[in-house]
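I opened my notebook for a first look at this protein. I picked one residue to start with and then stepped back to the whole chain.

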Amino acid sequence: MISLRHAISCLLLAAATPASARYRVRLRTPLGIAFEEVEPGKACGVVVADLVDGGNAEDDGRIWVGDRLLSTSAVVLGGDSALLTVGGGRQFTNWKRELIPATAMGFDEIMAAIGSNSGRFGYVDCLLELARTDSSVPRPAQSGAARAA
């Protein structure tokens, strides 16, 4: 459980990002992005640590190492139903995909949210909202063209 003070500081950090530095990207899965925690051990979001060579994020070209993840699409389950009860578990009869804020979430929660954008629910992509940071570094422009040669 995170403290209110910690959650507020994470949200203020995200709110301080100028709107011009924010952008959205829709990528097919797997994304080809390695994330790391902004503050290790704290629920304060993640930044892009690396891009997989030849992965979807690198091929797209818009995501830079050092960019901060502000929000991600995630499948949210709902519609409890009594259609089937097994071992006291609940059966969900519907779901929807929403863009959820990631700046005050822990690493595992964010990875679960990104992972929920799966073929199991009919999705083959993930929507990410990111922001440039002072640490953002573009990848060399050779990636796709060099591999094709």
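Entry one, a single residue. I looked up Asp67 and found it in the loop between helix H2 (56-60) and strand E4 (68-81). Helices (H or I, at least four residues) and strands (E, at least two) are DSSP runs, numbered from the N terminus.

A note on the source: this is a predicted model, where local features need pLDDT of at least 70 and side-chain atom pairs count only at pLDDT 80 or more, while totals for chains, interfaces and linings use all residues. Residues are numbered from 1 along each chain as its sequence is written, and side-chain values use heavy atoms, with hydrogens and water left out.

Entry two, its surroundings. Is Asp67 buried or exposed? Asp67 is buried, with a relative accessible area of 0%; buried means under 20%, exposed over 50% and partly exposed in between, with a 1.4 Å probe and protein chains only. Leaving out residues up to four places away in sequence, I listed what Asp67 touches (heavy atoms within 4.5 Å): among them are Tyr23, Val47, Arg62, Leu130 and Ser136. I also checked its side chain, and a polar atom there lies 3.0 Å from the backbone nitrogen of Trp64. Asp134 sits 67 residues from Asp67 along the chain, yet their C-alpha atoms are separated by 8.7 Å.

I noted four helices and six strands, running α-β-β-β-α-β-β-α-β-α from the N terminus. The protein has 149 residues, and 37% of them are buried. Of its contacts with a separation of 6 or more, 70% come from residues 24 or more positions apart.

How values were computed. A polar contact is a pair of N or O atoms within 3.5 Å; within protein, one must be able to donate a hydrogen and the other to accept it, and residues adjacent in sequence count only if both atoms are side-chain atoms.
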